[in-house]
Amino acid sequence: MIRALYTAATGMAAQQTNLDITANNLANVNTSGFKKTRADFQDLLYQTIRSAGSSQAQGVQVPTGIQVGLGTRMAATQKIFTQGDYKQTDNDLDVMIEGDGFFQVMQPSGETAYTRDGSFKKDSDGKLVTSDGYAVQPEITIPSEADDITIGEDGTVTVTVSGQTAPQQIGQIQIVKFLNPAGLNSLGKNLYAATDASGEPATATPGQDGAGTLSQGMVEMSNVSVVDEMVNMIEAQRAYEVNSKSIQTSDDMLSIANNLKR
């Protein structure tokens with residue numbers, strides 16, 4: 001019975017963490033480029049009372065053993081990189097990746113980070129930056145006299161300057177792909193960092209080598225489904241309740257055993 005108390009406690013702790021992850025998904029339902037997280041669980045060690053195949057008598061083997069599990073724990077949290085919903089903004093500097101890939105931005109530390117959030121802005125120098133001022137890589141500088149900005153599916157950025165009829169190409173947005181995007185490390189601010197698990201970033205031109213294409217005037221919304229998360233929340237709540245019932249039942253059984261002799 002003491003074993004059941006600790007086993008049920010691991011289940012309650014796991015469901016607490018599960019609810020934390022669900023709450024974070026729901027909190028970011030309107031965050032541009034956000035990718036939902038899924039919790040993966042695994043069972044803990046087993047106490048083996050009798051091994052399967054052990055000898056019961058001469059020439060007789062036990063067909064099945066006796067093992068009692070000791071609970072559960074979280075095995076991993078995994079980002080799900082499915083495409084988010086499209087939102088049309090008609091803002092010239094909003095860009096969405098349709099398909100695989102990430103934008104590259106330079107952090108103040110000098111390290112490169114990666115993002116799916118293409119709601120870019122223009123800083124005081126005309127550079128294309130994120131909402132936090134991190135410059136898109138390779139850098140794109142928009143001339144102050146530019147009247148019209150066009151970003152093509154292949155990332156080509158052209159502007160029309162006052163007094164000129166022919167558009168002028170000022171750069172090309174490159175995106176990167178990872179062999180294992182789920183291995184990226186979330187940094188917050190809609191940014192990810194490469195890790196040994198994600199593999200090295202492979203730079204690609206949008207629309208080539210399996211990389212997604214770009215759409216100007218669009219923003220990729222979160223891929224969180226409110227209905228799915230509500231179902232996950234109900235499941236976590238019910239699982240938490242039944243584990244607490246296990247603890248209560250174990251306590252009742254201990255109380256009964258304690259009162260056998262008065």
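Hi everyone. I'll start with the aromatics: Phe81, Phe102, Tyr114, Phe178 and Tyr192 come together as one aromatic cluster. Keep in mind that this is a predicted model.

Across the whole structure, the search turns up 6 aromatic pairs. Take Phe102 and Phe178: their ring centres are 5.8 Å apart and the planes meet at 70 degrees, so this pair is edge-to-face. Phe102 sits in strand E9, while Phe178 is in the loop between strands E17 and E18, so the contact ties together parts 76 residues apart in sequence. Are these two buried or exposed? Phe102 has 4% relative accessibility and counts as buried; Phe178, at 7%, counts as buried too.

Phe178 has another partner here, Tyr114, with ring centres 5.0 Å apart and planes at 85 degrees, so that pair is edge-to-face as well. Tyr114 belongs to strand E10, and this link spans 64 residues. Tyr114 is buried, with a relative accessible area of 6%.

Now, on to a sheet. Three strands make an open sheet, ordered E14-E15-E16, with antiparallel pairing. E14 and E16 are at the edges with a single partner strand each, so one side of each has no neighbour in the sheet. On average, neighbouring strands are turned by 25 degrees against each other, direction ignored. E14 and E15 are joined by 5 bridges, and Asp148 has Thr160 in E15 as its bridge partner.

Last stop, the largest pocket, with a volume of about 180 Å³. It has 13 lining residues, and Thr37, Arg38, Ala39, Glu229 and Asn232 are the closest to its centre. Helix H1, strand E1 and helix H2 each contribute at least two lining residues. By type, the lining has 3 nonpolar, 5 polar and 5 charged residues. Thanks, everyone!

Methods:
Residues numbered from 1 in each chain as written. Predicted model: local features only at pLDDT ≥ 70, side-chain atom pairs only at ≥ 80, totals over all residues. Heavy atoms only, no water. 1 Å grid on protein atoms, 1.4 Å probe; cavity = no way out; pocket = protein on both sides within 12 Å on 5 of 7 lines; lining within 4 Å. Points joined across faces, edges and corners; volume = space filled by probe spheres on them. Helix = DSSP H or I, 4+ residues; strand = E, 2+ residues; numbered from the N terminus. Nonpolar A, V, L, I, M, F, W, Y, C, P; charged D, E, K, R; others polar. Pairing = 2+ DSSP bridges. Axes fitted to C-alpha atoms, helices over the stretch in contact; angles between N-to-C directions. Phe/Tyr/Trp six-rings, centres within 6.5 Å; stacked < 30°, edge-to-face > 60°. Buried < 20%, exposed > 50% of the residue type's maximum accessible area, 1.4 Å probe, protein only.
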